[in-house]
Each structure stands twice: as structure tokens, then as C-alpha cells.
Amino acid sequence: MSKRIDVKDLNVYYGDFLAVEDVSINIEAKSVTAFIGPSGCGKSTFLRTLNRMHEVLPGARVEGEVLLDGDNLYGPGVDPVTVRSQIGMVFQRPNPFPTMSIRDNVLAGVKLNNKKISKGEADALVESSLQGANLWNEVKDRLEKPGSGLSGGQQQRLCIARAIAVEPQVILMDEPCSALDPISTLAIEDLINELKDQYTVVIVTHNMQQAARVSDKTAFFNIAGTGKPGKLIEFGNTQNIFSNPTQKATEDYVSGRFG
Amino acid sequence: MTATPLSSSQGAGRAGDKIFSGAALAAGCIILAVLFGVALFLVVQAIPALTAPAAEIQGGAGFFAYIWPIVIGTLIAAVIALVIATPIAIGVALFISHFAPRGLAAGLGYVVDLLAAIPSVIYGAWGAAFLAREISPAYNWLAENMGWLPIFQGPASATGKTILTAGIVLSVMVLPIITSLSREIFLQTPKLHEEAALALGATRWEMIKMAVLPFARPGIISAIMLGLGRALGETMAVALVLSSGALTASLITSGNQTIAAEIALNFPEASGLKVSTLIAAGLVLFLITLAVNMIARWIISRHKEFSGAN
């Protein structure tokens, strides 16, 4: 139940401002793809176009194609709501719904669109999703407590459980560890390794060691200067990007000479 | 090198600190003193009416028999106002905060705020001179077709000056308060939670149900309570619109009265025990408002754990 993503000649705009220029990239199913690059290079913006979250901001739009196993996400008649229910997203800061219990947080996506499920099915889904996010053992005795009472790392894993409960094709992660301590970060990275057995995972990260640890392929984005659009500089196997990049800019960035 | 001794105080900064904390303390005390003063005045002035022989109170059956019909009348008018105003206000607030294009939202918000600036006597005049006349055919229809319900029992008032008309006018008056407070709360919903809902595949309405309304719930309750406070205490509009009389179940005949309008209409010509009776009525209104506020706080605190404040 995982699908590949092929992006063709994608331009991303905020109003008239071109934020990301001419990106073409092929993201394999059941693999982890990392986007790295300096701040403001458009990697998060680009990530948000992959589940049509970009257009939530007023004036934001894209040109080009994003194909999910061949189906264009931006084709005529495609409902962004359907796209988002198939491509899950985990955000920079953990964002469980504060007014819902842990259990209801996991079920939040499933209960959308008035889908009805029995209590038994719901219980099983809550357990399997929390197991899948390595959180079950920590919260199984307090499923009715609010999700906001968990630690930051636990909240982030709750958000991952919420995302996988709807059985998406792809999971997008926008710097999922940047607000977490090293131990929670490790727990999330372990989880990402397990998730790729079932899902296509795309992760944006500021942390190059993290990209090197978790990803199969890495894309390096860069920006020529303030006000210029971000571009995809190089995309390849993670090992090659870090040890043997073909572009000078990539080499400078991964070796810490700028950025 | 001479270190500053720990025990020395640096004059000017400390003095400013003391003056500020003193001023803040005084402001806090004044509020309490004013509230206590008003309550004390109401109680002291009301005692003669509460202790007088039943026959001397207006109506001749004691203070309780005098007050309870107008307490019920006050509550009926306020409840009608809230039942009409709350859904409209929340709808308008949601439209302004989450649906309207930016330019329209600003204009609409301004118009709603403008509604709050209209003096209540103007609402009263509008209600009495225009709304009551225009709405009386509807009352006739209700009396004919729904008359089996006690609240729509005929014969309908020919002038339209009924408690239902008063409630409708009150609802227009509380609408801006509830709308602008709700709108402010809706706009404060964290983007984080709205995006969480959208990323799960929620439609706009589902996002509002999932992220906006739960976050805004305590704020909506506060807004409704403030609206209720205004509806309970509103005097001029009710005094002008309502053709008052004895307590009746029917909302579309003349009759019923509210505490505030009762006080306003009778106070200028009152003397002696009558003044005391009206002040006792004011005390009752004060207690109702107090109780409403305490219930609202209790409702809000009951869900504190899930409020998102932690």
C-alpha cells in the first residue's frame, strides 16, 4: 500500500513570487527520501506541494505535475481533501489535538467523512497504530487522557500514529525532530526505519547526520540568494551525496563549508 | 575592584517598583470596594421590602409573589435572545474568520462592530415602531396554526408588542457582542492544529469541527454569557417594545415583564416602600447575573484538562 511519487517540472509560487523553480524528482515507493539544504531554500515549501498543503496559504499555487503512481495530484477534478487523506503529514512541532484524548487523536483521521467503525475495530486500530508508532507500551494505560499531557517526543509519535491510522500511501515529515531532544529524536529515527517497510517516507531535515542515518536517497536544495527561487541541485543515493557529490555546492554544504 | 555589596539597594529603581505595585494594588482594591459597595447598598435598601407585611407590597401578596413573574419574564426574554443570536453569531464569526475573502471579512467585521455602537433606545424605537407592526401577521399565523402549543396560544397581540418581539430585538443587540468575541477566538486557533486536521484529509467544515470549535469552546461560552448579561440587564429596548402585563405562557400576546424594564418604568414615580421593592428587584437581577457568571466559569473549568492551555 505504498506508492511512488514522480514530480515533473514543478514551479511553486506564493502569489507572484517564485519560491521553488523547476523541480523534477522521482521518489521510490517503500524508501526514505531526505530533503536537505540551507534555511529558506524551499525544501519545506516543496514538501507541502506533495500533499497539496501548500495551497492552504492564500495566494499559493503551483505549476507542473506531481504523479502519485501515475495519477496527477494537480489534475482537473482532483479533490485536495482526497489527496491529503492518502498522503499523510507530520509537522515540525508536535500538534496532537489538545481537546481530544490520546485514543481520539489516533482515530481523528479515520472518523473524518463520517466513516463509522465499531468500537472493537476502533480499539484494534488504536492499538496497531500506536504499536506502529512505538508508543503503545507508554500510553496503553492512559488512552483516555489528553494527548497534550505527553512529552514532546511522545506527542510527535502520537502524531505519527494518527497519520498511519488512515493507512496512507506516503508519509511526509517536515523536520519532525527539530523540536525534540536527542533521545526522542533517536526513537523517531528508529521508527522511520521501520515505517519504510510499509510506506513511502519523505523527510525534510536540517540535520545532515540525520539524513545520512535514515534515508536511502537524498535531495539537496539550494538558493542562489535572498529573493531568488530555491532549486534542486542534486539528487542521488544518500551515500553518494555525502561521500562523493557531483556538484560543488553539494560538497560545500555537506562538508560544512557553508549553510 | 570594589564589588557592590549585596545588601545595598539602588534607590530609584526600587522606589519605582514600590509605586507601581502600590498603584496596582490600589486599582485592585477599588474594584472590590465598588462591587462590595453596590451589593451592600442593594441589600440595605432592599431590607424594608423584604421584611414588610405582605399586604403593603405592590400586588398585596408579598415580595416573592411580586418578583417571580418578572424574574421568569426576564429569563424568557433573555433565552429567546440567545436562542436566536447564538447560532447566527457563531455562523457570522466563522464566515468572517475562515470563509470570507480577506477584503470582505474586514468590512463585515467592521459592520458587526458598528451594530454594537447603536444606542439601545434606537433599537427600542425600531422594535416598537417597525418590527412589532411588521411581525404581527406572523403572530396571527402562529396563533392559528400552532396555537395548540402553549407558547403560541392565541389570540395574538394586534400591536405585536410582545415578549417574543422584545426577545428578537434583544437578539439583534447581543449579536455583535457574541460575534466579535467569537471571531477573535476563532482567529486565535493555532495554525498548527488547523493544518493537522487538513493534512488528515479534513474538509474545511471538518477542520472547523476538529480544531477550531473545540479550541474556541470556552471563549464561545464566555461570549454567550456576556451576551446573556446584556440581555438580562437591557432596559430601554424592552421598556419601549414590550406591552407589559401579567405572566403568561404565550409569547405572542401582550403580557410578561422584565426586571430591568419594571424598575425603569416605575422608579421615577416611586416613593417609600415602592422604591425599596424596586431596589430589591434590582438585587435579584444582580444575583441572577452573578449565578449566570459562576455557572459559566464552572462549565469552562470542567474541561480545563482538555482546553489546550497546558
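Student: Which residues is B:V174 in contact with, leaving aside its neighbours within four places in sequence?
Tutor: In this predicted model, B:V174 is in contact with B:A81, B:A85, B:G227, B:R230 and B:A231.

Student: Where does B:V174 lie?
Tutor: In helix α5 of chain B, which covers residues 163-187.

Student: Buried or exposed, and why?
Tutor: B:V174 counts as buried because its relative accessibility is 1%, and the cut-off for buried is under 20%.

Student: Switching to the cores. How many residues has the largest nonpolar core?
Tutor: The largest nonpolar core has 115 residues. A:F35, A:F46, A:L50 and A:F97 have the most contacts inside this core.

Student: Which helix gives the most to this core?
Tutor: Helix α2 of chain B, residues 63-99, with 15 residues.

Student: Why would residues like that gather?
Tutor: As a general matter, nonpolar side chains tend to be buried together in soluble globular proteins.

Student: Back to A:L50. What is A:L50 in contact with, neighbours within four places aside?
Tutor: The list for A:L50 is A:I5, A:V7, A:I27, A:V66, A:L73, A:I87 and A:L172.

Student: And what does the second core include?
Tutor: That core is separate and has 42 residues, including A:W136, A:V139, A:I171 and A:L191.

Student: New topic, the two chains. How many residues does the contact take from each?
Tutor: Chain A gives 30 residues to the contact and chain B gives 21 residues. Together the chains bury about 2200 Å², with 67% of that on carbon and sulfur atoms.

Student: Which residues of chain A lose the most area to chain B?
Tutor: A:F97, A:T99 and A:L112, which together make up 26% of what the chain A side buries.

Student: How many salt bridges are there between chain A and chain B?
Tutor: The count is one salt bridge. B:E195 forms a salt bridge with A:R48, and their closest N and O atoms are 2.8 Å apart. As for polar contacts, three residue pairs are counted between chain A and chain B, with both residues at pLDDT 80 or more.

Student: Which elements give two or more residues to the chain A side?
Tutor: They are α2 (80-86) and β6 (87-90) of chain A. The largest share, three residues, comes from α2(A).

Student: And what is that side by class?
Tutor: On the side of chain A that touches chain B there are 15 nonpolar, nine polar and six charged residues.

Student: OK, single residues again. Where is A:Y14?
Tutor: A:Y14 sits in strand β1 of chain A, residues 5-14. A:Y14 counts as partly exposed because its relative accessibility is 32%.

Student: What does A:Y14 touch?
Tutor: Not counting residues up to four places away in sequence, A:Y14 touches A:A19, A:T45, A:H54, A:L57, A:G59 and A:A60. With A:T45 there is also a polar contact of 3.1 Å between the side chains.

Student: What about A:R103, buried or exposed?
Tutor: At 15% relative accessibility, A:R103 counts as buried. A:R103 is in helix α3 of chain A, residues 102-107, and touches A:K119, A:A122, A:D123, A:V126, A:L143 and A:E144, not counting residues up to four places away in sequence.

Student: Someone mentioned positive phi. What is phi of A:D22?
Tutor: Phi of A:D22 is near 50°, a positive value in a residue other than glycine. A:D22 is found in strand β2 of chain A, residues 17-27, and is partly exposed with a relative accessible area of 47%.

Student: And A:K30, where is that found?
Tutor: A:K30 is in the loop between β2 and β3 (32-36) of chain A. The phi of A:K30 is positive at about 50°, although A:K30 is not a glycine. A:K30 counts as partly exposed, at 45% relative accessibility.

Student: Last one. What is A:E251 in contact with?
Tutor: A:P245 and A:R257, leaving aside neighbours within four places in sequence. A:E251 is found in helix α10 of chain A, residues 248-254, and counts as partly exposed at 37% relative accessibility.

Note on methods: Residues numbered from 1 in each chain as written. Chains lettered and ligands numbered in written order. Predicted model: local features only at pLDDT ≥ 70, side-chain atom pairs only at ≥ 80, totals over all residues. Heavy atoms only, no water. Core = buried A, V, L, I, M, F, W, Y, C linked by side-chain atoms within 4.5 Å. Buried < 20%, exposed > 50% of the residue type's maximum accessible area, 1.4 Å probe, protein only. Helix = DSSP H or I, 4+ residues; strand = E, 2+ residues; numbered from the N terminus. Contact = heavy atoms within 4.5 Å. Buried area = accessible area lost by both parts, 1.4 Å probe. Salt bridge = Lys/Arg side-chain N within 4 Å of Asp/Glu carboxyl O. Polar contact = N/O pair within 3.5 Å; in protein donor to acceptor, adjacent residues only side chain to side chain. Nonpolar A, V, L, I, M, F, W, Y, C, P; charged D, E, K, R; others polar.
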